[in-house]
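Dear colleague,

Please find below the structure that I am handing over to you. A summary of the findings follows it.

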Amino acid sequence: MLLGFPLLSLVIWLPVLIGLLVFATGGDRNAPMARLIAIIGSVLGFLVAIPLYTQFDPALSTMQFVEKHVWFERFNVHYHLGVDGISMPLILLNCFTTPLVVMAGWEVIRERVSQYMGAFLVMSGIVNGVFSSLDTILFYTFWEASLIPMFLIIGIWGGPNRVYAAIKFFLYTLLGSLLMLVAFIYLYQASDGSFSILDYHHLPLPIEPQILIFLAFLLAFAVKVPMWPVHTWLPDAHVEAPTGGSVLLAAILLKMGGYGFLRFSLPIVPDASQYLAGMMIALSLIAVVYIGLVALMQVDMKKLIAYSSIAHMGFVTLGFFLFNAYGLEGAMVQMISHGFISAAMFLCVGVLYDRLHSRQIADYGGVVNKMPVFAAFFMLFAMANAGLPGTSGFVGEFMVIMGAVKVNFWYAFLAATTLIFGAAYTLWLYKRVIFGEVASPAVEGLKDISKREFAILAILAISVLWLGVYPFPLTEVMHATVNELLVHVANSKL
Amino acid sequence: MQTLYLLVPLAPLIGAIIAGLFGRFIGRTWSHRITITLVFVSLVASIIIFMDVLEGNVFNGSVYTWLVTGDTRFEIGFLIDQLSATMMVVVSLVSLMVHIYTIGYMHDDPGYQRFFSYISLFTFSMMMLVMSNNFLQLFFGWEAVGLVSYLLIGFWYTRPTAIYANMKAFLVNRVGDFGFLLGIALVLMHFGSLDYATVFANAPQLADETVELIPGLPWLVISVICILLFIGAMGKSAQFPLHVWLPDSMEGPTPISALIHAATMVTAGIFMVARMSPLFELSEAALSMILIVGGITTLFMALVAVVQNDIKRVVAYSTLSQLGYMTVALGASAYSAAMFHLMTHAFFKAVLFLGAGSVIIAMHHVQNMQQMGGLKRYMPITYWTMFIAAVASAGVPGFSGFFSKDAIIEAVGFANIPGFEFAYFCVLVTVFVTALYTFRLIFMTFHGQPRMDAHTKEHLHESPWVVTLPLVVLAIPTIGAGWFIGPIVFGSYFDGAIHVLPQHDAITQLGAEFTGVFGMMIHALSTAPFWLSVAGIFTAWYLYIARTDLPEKIKRRILPVYTLLDRKYYIDEFYSWLFAGGSRALSSTLWKYGDIKIIDGFFVNGTARVVAWTAMFVRRFQTGYIYHYAFSMIVGVFILITLWLYQY
């Protein structure tokens, strides 16, 4: 282990600095330069994050790669970083996704290229900060900062209704997080002046404040995940966002909500979490069934995938509140897998959108005749989205269902309906878009995917299959942390 | 030997990858050469393993750890015993024949390499399914064969009927898988493991445990598990009411109808229940359900076959009915008879399908039997192999189908599980119906006057050797496989792989009366099934050769019954109204009212509107005129003083 080397700082600040460098290339005259720096920077960002996995000690449940420096001495605020088995895979996922979104925007984005590319790199660093902060003020700073690049990505490079979507996205999520800040300030008082998340984990709290804190956290995290009924910003944001923005939103930003539950809600207010578990499970199951049904009748491809995304995230929150190892690890696997699959699905829609400039399912049909290679990739990802065994989509859902049946058969029953609904909306989409006779002259003129698109989709295809066939290496790093968390949640703090 | 185990599934997988990813570069000839060689390797390995198993070498071990969570290890591993070895040989043999046949059948298709890739991938998936030593891998294979079936039904993806049929097949199968996965979840919960060996060893201890899924209604845990698992089998093996996908799957190319939708994949459900015999034996409720479901499928699907005119659909409904036979056998605890019928059926049904395909090639892709007739003269090899298969299917003594079917009928007669009378009635009557529809097919296609147009008739000729060779090869076990009934069904062949409780053991009772294959044939001459079968063949001859005007008259006489059968009891219409229509309506309602009107319209945009209204209202006080501010202050002070005065 590289003792004392500030690896996490590097993982956070390297992309941010390179992002600023990309900004500095200026106008669109230097677009090739901006693209080049962005791709090098994002790949570099992934490479420097790899030691987080290779040097990680899976036997430890404590924080690793810890860095701690005083930031504001007067308020006891620290620059305190560290990762465990829950946050490390999410950081890797984030660093893995950034080069893909940079590549996805390679030829498609022609205006303000440097700002676009830079925003993604800065975003990548900020999100790494969210996942590794162990100080609430630091965390909150990163958390709110992450809104800005995304707001701009939707608001500047988005579709026709982008302003409504961007503001809806911003206000929805901001509103949620303000109550989280109030909770942090309460915890600061209750812990006699500490902003350390790890201190809060061991802070005894009576049940009433626990419930209030839980609800404050809930609003912040539920909006991000998003959980029913605070999910309606997501379809709008996705529809208007450029492809890269959708990928980042689905693959990474939603995971911030899931991560929040694991880092804050469960360990800080375990009694309230247990007390309100029934409600959380109910909301999650509504997400799985209700949203799964709503996805069926969508006419806009991106909206359909956005709804499918919400349904899949329902498995994540369901897994958290089952309080057993299957559920919790299944939820973690589901987060990572959803990162791959939703990214791939949005990229596939992006490939079509770049060619026909339409997201309406009705405008397509018979695409396979013109784009066989693309159709093969899309088939793989559609099947992964439908949770086919052998793809990553199966692993998380399987584990969560196994966990759910231990708690209550009917939870598992409702959750397992995704086997039917998930397949129904995904395959129906695939049938209408890909299969059939060539539907229009526009489809007739389609060209199969380029080498660049092939590379992106191939990388994701390998990831989806690898995680489906051999998920062992991923779950291996989580065990210690998850077991510790389960023990922790089982102990009352009252 | 363990390397050989790996070779069986991996060889076809490698073939699938080469033909699938590099098919465009290596060309058509090399694609089929490579895949066929690798499937042949798989067949040879399977046979060697089969011989080894016959010597008593059973293997149970893991290959790699898939996942560890909590205190459970999920492994990928193999269980090689009589059950899996039998399936391996059947699957690889039929698969090899279908691979060879495909060279002829798909000769002019632009998707040639893709087709080879898919059928090799299917072989891999099916091998993983049958070789598994745990529920998880079983589910992997289970879904993987479903995927390949989906891809192959929709192989001609520009046909609207094909892409509707493949989606339907996948979704109906998913309904079954829904139950199957819940069953697996309950197994994991109650046994703490998904390994067959652990689960089966601990099953008896769970025999009396109950669970209240609905409060106040205690159920045996084992019954709940078995019924859920069987729902999975109903999907895959197309049992009523989840049978609707199989007839539509005929939209796929004929080789896969033979391989997937007749010989191998659809029997996965039968194999699964036989594999789980230590669990199913403990649940009389589940066995009873299996008997009744199987009985309904056997009889009612056979009746539909009688009125079909599409040659492939006749064979498809025949498959449904034969699967019903196997299911009934399972319900009667005659697992070995079910497995035996699975094997003989795989051979004779593959011949029927491949023969039908040969006819379709000759007829230039016309499938309507009303436009055929008299083909015997032009295609003797196809005719004779199909004739053998038809005789076997109808259960004429000496041919494979006779032995396996007779064993099932007798075993059901000996069973004592509730519902066996109904099942016995169904399987018995169906003997007549089976002989009728099978020979109706033979007579309408090969005998009588040619009814095709002149152009087609001119070009009629026997299919090339790549098509007829598989027919001949598969015709051999169609005749001969039945003669092994002694050791396989009544002997000790499946000992250790299949468990039957003494009180359910109809097969042993039957075995006590078994005096060898000749004895069985002679005994059959004095029993109902034989005469029913003869009557069926005679009726077919009378209606379709002797008095060809009669079918039309009968049809007019019993028009309502005919229509009911022709429309397949209106089940498709009912499902598409209730499930497809229902979920679409529900979906629209939830979306338009739940999401758009209530959440977004009322709460989200409503909040925004309230903020806007408040701002508009408050703005009126911010006029900039000092007397407005002064007035507001006075009102404010007045209100505050009033409140202060009245608070006591």
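**Helix packing in chain B**

In this predicted model, helix 5 (residues 160–191) of chain B packs against helix 7 (residues 221–236) of chain B at an angle of about 150 degrees, and their axes lie 7 Å apart. Helices here are DSSP runs of H or I with at least four residues, numbered from the N terminus; axes are lines fitted to C-alpha atoms over the stretch in contact, and angles run from 0 to 180 degrees between N-to-C directions. Helix 5 of chain B is therefore roughly antiparallel to helix 7 of chain B (angles over 145 degrees). The residues of this contact comprise 13 nonpolar, seven polar and two charged (Ala, Val, Leu, Ile, Met, Phe, Trp, Tyr, Cys and Pro count as nonpolar, Asp, Glu, Lys and Arg as charged, and the others, Gly among them, as polar).

**Chain A**

Chain A has 24 helices and two strands (strands are DSSP runs of E with at least two residues). Its radius of gyration is 22 Å, close to the 23 Å that the globule rule gives for 494 residues, so chain A is as compact as a globular protein of that length (taken over C-alpha atoms; the rule is 2.2 Å times the number of residues to the power 0.38). The C-alpha trace of chain A spans about 70 × 55 × 40 Å along its principal axes.

**Conventions**

Residues are numbered from 1 along each chain as its sequence is written, while chains are lettered from A and ligands numbered from 1 in the order in which they are written. As the model is predicted, local features need pLDDT of at least 70 and side-chain atom pairs count only at pLDDT 80 or more, whereas totals for chains, interfaces and linings use all residues.

With kind regards

Terms used
Parallel < 35°, antiparallel > 145°, perpendicular 65-115°, else oblique.
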